[in-house]
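Let's take a walk through this structure together. Have the sequence and the model open side by side as we go.

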Amino acid sequence: FSVEGGRAAHVVAHIVVSNASTDETEANARATVRSVTADDSALLAALPIAAAVVGRAGDGSLQIFSHNQLFRTAVKRSTMPESLDMGDRLPREGLIHDHLQGWFDGCSPDDLEFRDGSGFEAHYFRMKLAPLPRLGRGPRRALLTVIDRTVEVQAERNLRAEMLRDSLTGLPNRLAFTEMIEAAQSDKGDGRGGHAVLVVDMLRFSRINESMGGLFGDELLITFARRLISALRTGDRLARTGGNEFGIIVALRRDMGDAMKAADRIQQVMTAPFKLSNLEIKVECAIGLAMMQPDQDPEELFRNAQFAVKQAKTAGAPQVYHAEEASQALRRFSIETELRRAIDRDALAGAHHDEVAHRDLRHRYFLVPAVDAAARGFRPQRIERAYRHALGEAQHDIILANAYFLPGRKIRQSLIHAAR
C-alpha cells in the first residue's frame with residue numbers, strides 16, 4: 001500500500017468505527033429511555049391517583065411518556081381524545097396545553113383547577129405538576145397528577161344551596177337576599193330605572209300562630225308566600241327574610257311608581273281570606289319600600305325598607321323610606337333617653353298647656369329639664385327646642401308625660417315633685 005492509500009484506508013476505518021459508536025450510543029439511549037419508561041410505568045401504577053409523565057420535545061410539542069390506568073380512566077371521562085396513549089402528543093391548544101407550556105417556561109404555577117365540559121355533565125379536576133430529572137439530552141419531564149373533584153364540588157354546592165334556602169317555603173333566606181341585592185346593584189337587566197327593595201310584614205301572625213299552633217302557622221306562611229309569588233312580575237325576586245317577613249327586589253322600568261304598583265298588587269292578592277283546614281282567616285300586611293342607591297350597603301338598604309314597614313303599620317298603607325324621617329325617629333329616641341335620665345335624677349319641672357290638652361287629653365303635661373339641668377349633664381337647649389316643637393305636634397310622644405313610653409309611676413312622682 002502507498003502512503004496515500006494507507007491514510008485513506010485509515011480514514012474509512014475511522015468513519016466506520018465512529019458510525020458504529022454513534023449507532024451504539026443511540027441504541028443505548030433508546031434502551032435507557034425504554035428502561036426508564038418501564039420504571040415510570042411501574043411507579044405510576046402504584047400511585048392511588050391518576051398520574052402520568054409528560055415532557056416537552058425540542059420542537060415545543062408536549063408528549064405523554066407513560067401513565068397509569070387511573071389516568072386513562074380520567075381521560076375517558078373528559079373531553080380529551082379517548083385514544084390518548086403513551087407516546088401521543090397532547091393537543092396544541094386549550095387550557096391544559098397553555099398551562100403546561102407556561103410551567104415548562106417557568107411562568108405558570110404547579111397547581112391548576114379547571115372544569116371540563118358544561119351543564120350536568122361537567123367534571124371538576126385539580127392538576128398538579130412536579131419536575132422529574134432529565135435523561136441526558138432528552139426532553140424535560142414532569143410528573144402530572146390529576147384529582148377528580150366533581151363529587152366534592154357538587155357537595156359544596158348542595159351545602160351552600162341548603163344554607164341559602166328557607167327550609168319551610170323553599171325561598172331564598174336572609175343571607176341569600178343580601179347576595180341578591182348585591183347582584184341587583186351590578187345587574188342592569190330590566191331595571192333601567194334602578195331597583196327597589198320591598199319588605200312585606202304579615203300582620204297578626206304571632207297571634208295566629210299562638211292561637212292555632214305552629215303547624216297552622218307554617219301552613220299560613222307557605223300559602224302567604226305563594227300569593228306573593230303570584231303578584232310578582234318576571235324578573236322580580238322574592239325571599240323569606242324573617243319569621244313573618246319577606247323581602248322583594250323589584251326592577252324599576254321607569255321610577256319608584258313601579259314599586260308602588262307592586263305593593264298595590266301584593267295588597268290586592270291578600271284581600272281574599274286564607275282558607276286553612278276548615279277556617280277562613282283574613283290576613284293583612286304592611287309594606288315598606290326603599291330605593292336602591294349606587295354602591296349602597298345591602299344591609300343598610302334592607303334596614304331602610306324595614307324602617308318604612310314600621311311607618312306603614314302606623315299609616316295603614318305602603319310607605320317609602322325617607323332619610324329625614326329616619327333622622328327624626330333617631331332624634332326622638334335620643335330625647336326619650338334623656339328624659340328617662342332626667343326622671344331618674346328628679347331634674348324635671350311640670351308645665352300645663354291648654355292647647356295640647358284640647359288636642360289630646362292623654363297629653364296634659366310636658367316634662368322639661370330644670371334650669372340647672374346643665375349642671376347635671378343635660379343639654380337644656382336641645383330639650384327646649386324639642387319642647388317648642390312638641391307644642392305644634394302634640395301627636396308625637398317626644399317629651400309628653402304619658403305611660404306610653406315612660407313608666408307611669410315615675411311620671412306621677414316627677415309631677416308631684418315639680419308641683420311642690
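How much space lies in the largest cavity? The answer is about 200 Å³. A cavity here is a set of points, on a 1 Å grid over the protein atoms alone, where a 1.4 Å probe fits but cannot get out; the points are joined across faces, edges and corners, and the volume is the space filled by probe spheres set on them. Searching the whole structure turns up 1 cavity of 30 Å³ or more.

Before going further, please keep in mind that this is a predicted model, in which local features need pLDDT of at least 70 and side-chain atom pairs count only at pLDDT 80 or more, while totals for chains, interfaces and linings use all residues. Residues are numbered from 1 along each chain as its sequence is written, and side-chain values use heavy atoms, with hydrogens and water left out.

Back to the cavity: 16 residues line it, and Phe71, Met80, Ile96, Phe114 and Val146 lie nearest its centre. A lining residue has an atom within 4 Å of a point. The lining comprises 14 nonpolar residues, 1 polar and 1 charged, where nonpolar covers Ala, Val, Leu, Ile, Met, Phe, Trp, Tyr, Cys and Pro, charged covers Asp, Glu, Lys and Arg, and polar the others, Gly among them. Helix α2 gives the largest share, 3 residues. At least two residues each come from α2 (69-77), α3 (95-104), β3 (111-116), β4 (123-132) and β5 (140-148). Helices (H or I, at least four residues) and strands (E, at least two) are DSSP runs, numbered from the N terminus.

Now turn to an open sheet of 5 strands, ordered β7-β8-β6-β11-β12 with mixed pairing. Two strands pair if DSSP finds at least two bridges between them. Because β7 (237-240) and β12 (319-320) stand at the edges with a single partner strand each, one side of each has no neighbour in the sheet. Further in, β6 (195-202) and β11 (285-291) pair in the antiparallel sense over 7 bridges, and leucine 198 stands opposite leucine 289 in β11.

Follow the chain to leucine 203, in the loop between β6 and α6 (205-212). Its relative accessibility is 25%, so leucine 203 counts as partly exposed (buried is under 20%, exposed over 50%, partly exposed in between, with a 1.4 Å probe and protein chains only). Leucine 203 and valine 283 are 80 residues apart in sequence, yet 6.8 Å apart in space, C-alpha to C-alpha.

Definitions and conventions. 1 Å grid on protein atoms, 1.4 Å probe; cavity = no way out; pocket = protein on both sides within 12 Å on 5 of 7 lines; lining within 4 Å.
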